[in-house]
Amino acid sequence: MKSLALVVLLCLGCGLMSSSFVLASPHMWSKLILTQHWPRTFCSMEHCDPKYDYWTLHGLWPDKGQECNSSWHFNVTLIQDLLPDMQKWWPDLITPASSEFWQYEWQKHGTCAAKAESLNSQHKYFGKVLELYHTLDLDGVMKKFNIVPSETYYAFDHIEGIILNFYSVKPKIQCIHPKGGKVQILGQIEICFNSDFQLANCEHSETDTLRLTDFLNVKGTEFSVCDHATPVYYPPLKGKPSM
């Protein structure tokens, strides 16, 4: 009996050690970053057609880990029922008829998010991204508080304050910074969630950047955290009057 008890204790110890190892894995994450971009800004840099006059999805990114399972290949047939929503709200701005963007996001970020049981399939991952996007309704919130595309510049603190006060968490807002520094162009907004999908503050430093070379090998430009003191240009869609 004593020998059996010793074996059980050793097995339990091994299990605890295994769990601790998993929790300490560098690919485990504690926060998810839901990222949306303004198509007009993106396409002004990349010569695509910004036909969307609402904020579209860029992705859902764990705060730790990239390309966590290179053998877990994207399969568009597994998300057929989600495609109408994805084509509308999560379009590939460069090649709209392609699923390459979603493949890229799955391989780079989805395979890491999938370490959570609630996201451990392609359908769960893409479905949750769409759910969070619609729940936030960032585009609707900004319009509700009269933050709309305009030729008139905004104060950065006004935009950030609207988002912070509505969601009660701090977002990360990123801009393009043309040479000269007199204005910055609103480009991307990140809103964060904890592992239970509750809203959380987004942490960032003033030097945080997202190079568009990281986005399907687009070259030459980057988003970085907007400057508090510089006016913000929220560009209207070409051919559509500003509000």
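Guide: Rings of Phe, Tyr and Trp (its six-membered ring) pair if their centres lie within 6.5 Å; planes under 30 degrees apart are stacked, over 60 edge-to-face, the rest tilted. This is a predicted model, where local features need pLDDT of at least 70, side-chain atom pairs count only at pLDDT 80 or more, and totals for chains, interfaces and linings use all residues. Residues are numbered from 1 along each chain as its sequence is written, and side-chain values use heavy atoms, with hydrogens and water left out.

Visitor: How many aromatic pairs does this rule count?

Guide: A pair of aromatic rings is described by the distance of the centres and the angle of the planes. Here the count is 15 aromatic pairs. One of them joins Trp72 and Trp106 edge-to-face, at 4.9 Å centre to centre and 85° between the planes. Trp72 sits in the loop between β2 and α3, Trp106 in helix α4 (residues 100-113), so the pair ties together parts 34 residues apart in sequence. Helices (H or I, at least four residues) and strands (E, at least two) are DSSP runs, numbered from the N terminus.

Visitor: Is Trp106 buried or exposed?

Guide: Buried means under 20% relative accessible area, exposed over 50%, partly exposed in between (1.4 Å probe, protein chains only). Trp106 is buried, at 0%. Trp72 is partly exposed, at 27%.

Visitor: How many disulfides does the structure hold?

Guide: A disulfide is a pair of cysteine sulfur atoms within 2.5 Å. The structure holds 4. Numbering the bonded cysteines in sequence order, the pairing is 1-2, 3-4, 5-8, 6-7.

Visitor: Why is the disulfide of Cys43 and Cys48 left-handed?

Guide: Its torsion about the S-S bond is about -100°, so the link is left-handed. The sulfur atoms of Cys43 and Cys48 are 2.1 Å apart. By contrast, the link of Cys175 and Cys226 is right-handed, with 90° about the S-S bond. Cys175 lies in strand β4 and Cys226 in the loop between β8 and β9 (232-234), so this pair ties together parts 51 residues apart in sequence.

Visitor: How many residues of helix α2 are buried?

Guide: In α2 (residues 39-46), 7 of the 8 residues are buried. Cys43 is among them. Contact means heavy atoms within 4.5 Å. The buried residues of α2 pack against β1 (31-37), β2 (56-62), β4 (172-176), β5 (184-194) and β8 (222-225). Just after α2, His47 takes a positive phi of about 60°.
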